[in-house]
Amino acid sequence: MSLLEYIDKGGIIVYILIFLNIIGFTIILWKFFTIPRKNAIIEKIRTKIDSTHTKTLEIQIEYEIKKLENGLTYVKNIASVAPLLGLLGTVYGVYKAFEQITQKGLGDPTIFSGGISIALITTIAGLVVAIPHLIAYNYFISLIDSIELKAKKELLN
């Protein structure tokens with residue numbers, strides 16, 4: 001079976017997961033190319049604020065950090081929702097399998113396998129979408145935290 005056949009067999013839930021994957025990876029790529037190096041952010045803050053105003057400097061650091069975090073909530077939500085959508089597909093597939101058994105009995109095992117394959121495909125799709133998004137989210141949050149710590153260390157002391 002080809003990848004497109006698996007996707008088609010997974011149904012609407014797999015298409016939703018693909019859509020979320022496209023959105024998430026677009027944000028991940030955007031963040032990868034737009035989060036500048038630590039020194040560039042610190043220089044940006046330094047040029048905006050006079051060093052004599054410590055409270056203003058702290059506010060400026062927080063503002064710049066919040067700007068860097070923009071969009072990461074979507075990546076985190078996709079990482080959280082994708083396995084749940086996979087689980088929903090699993091429940092739906094098992095339901096379809098039992099529905100077929102109820103209608104046609106247990107005489108033919110191929111009747112049961114259609115629903116189980118839907119369950120497995122959607123579970124796999126949910127995990128395939130969630131895992132890279134969770135890794136990317138944690139990477140970017142770690143990077144932003146280190147930028148914030150370096151900025152506070154260099155500019156407030």
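Visitor: Does Leu 72 count as buried or exposed, and why?

Guide: This is a predicted model, and in it Leu 72 counts as buried because its relative accessibility is 2%, where buried requires a value under 20%.

Visitor: Where is Leu 72 placed?

Guide: Leu 72 belongs to helix 5.

Visitor: And which residues does Leu 72 touch, not counting residues up to four places away in sequence?

Guide: Leu 72 touches Lys 31, Tyr 137, Phe 140, Ile 141 and Ile 144.

Visitor: At what angle do helix 5 and helix 6 pack?

Guide: The angle is about 170°, and the axes of helix 5 and helix 6 are 7 Å apart. Helix 5 and helix 6 are therefore roughly antiparallel to each other, since an angle over 145 degrees falls in that class.

Visitor: How do the residues of that contact of helix 5 with helix 6 divide?

Guide: They comprise 22 nonpolar, 10 polar and 3 charged residues.

Visitor: Let us stay with helix 5. Is Ala 97 buried or exposed?

Guide: Ala 97, which lies in helix 5, counts as buried because its relative accessibility is 0%. Leaving aside neighbours within four places in sequence, Ala 97 is in contact with Phe 112, Gly 115 and Ile 116. From Ala 97 to Thr 110 the C-alpha distance is 9.8 Å, and these two are 13 residues apart in sequence.

Visitor: What about Ile 101: buried or exposed?

Guide: Ile 101 is buried, given its relative accessible area of 17%, and Ile 101 also has its place in helix 5. Beyond the neighbours within four places in sequence, the contacts of Ile 101 are Leu 106, Ile 111 and Phe 112. Ile 101 and Phe 112 are 11 residues apart in sequence, and their C-alpha atoms are 6.5 Å apart in space.

Visitor: Turning to the core, which residues touch the most other members of the largest nonpolar core?

Guide: Ile 45, Ile 61 and Leu 68 do, in a core of 19 residues. Two or more residues come from each of helix 2, helix 3 (38-48), helix 4 (54-69), helix 5 (72-104) and helix 6 (109-156). Helix 6 gives the most, with 7 residues.

Visitor: Which residues is Leu 68 in contact with, leaving aside its neighbours within four places in sequence?

Guide: The contacts of Leu 68 are Lys 31, Ile 35, Pro 36, Ile 41, Ile 144 and Ile 147.

Visitor: Now the start of the chain. At roughly what angle do the axes of helix 1 and helix 2 cross?

Guide: The axes of helix 1 (residues 3-10) and helix 2 (residues 12-34) cross at roughly 115° and come within 5 Å. That makes helix 1 roughly perpendicular to helix 2.

Visitor: Which residues make that contact?

Guide: Helix 1 contributes Ile 7, Asp 8 and Gly 10, and helix 2 contributes Ile 12, Ile 13, Val 14, Tyr 15 and Ile 18. By type, the contact of helix 1 with helix 2 has 6 nonpolar residues, 1 polar and 1 charged.

Visitor: Changing topic, how many aromatic pairs does the structure hold?

Guide: The structure holds 2 aromatic pairs. One of them joins Phe 32 and Phe 33 in an edge-to-face arrangement, at 5.3 Å centre to centre and with 80° between the planes.

Visitor: Are Phe 32 and Phe 33 buried or exposed?

Guide: Phe 32 and Phe 33 are both exposed.

Terms used. Residues are numbered from 1 along each chain as its sequence is written. This is a predicted model: local features need pLDDT of at least 70, side-chain atom pairs count only at pLDDT 80 or more; totals for chains, interfaces and linings use all residues. Side-chain values use heavy atoms; hydrogens and water are left out. Axes are lines fitted to C-alpha atoms, for helices over the stretch in contact, and angles run from 0 to 180 degrees between N-to-C directions. Helices (H or I, at least four residues) and strands (E, at least two) are DSSP runs, numbered from the N terminus. Angles under 35 degrees count as roughly parallel, over 145 as roughly antiparallel, 65 to 115 as roughly perpendicular and the rest as oblique. Contact means heavy atoms within 4.5 Å. Ala, Val, Leu, Ile, Met, Phe, Trp, Tyr, Cys and Pro count as nonpolar, Asp, Glu, Lys and Arg as charged, and the others, Gly among them, as polar. A nonpolar core is a set of buried Ala, Val, Leu, Ile, Met, Phe, Trp, Tyr and Cys residues joined through side-chain atoms within 4.5 Å. Buried means under 20% relative accessible area, exposed over 50%, partly exposed in between (1.4 Å probe, protein chains only). Rings of Phe, Tyr and Trp (its six-membered ring) pair if their centres lie within 6.5 Å; planes under 30 degrees apart count as stacked, over 60 as edge-to-face and the rest as tilted.
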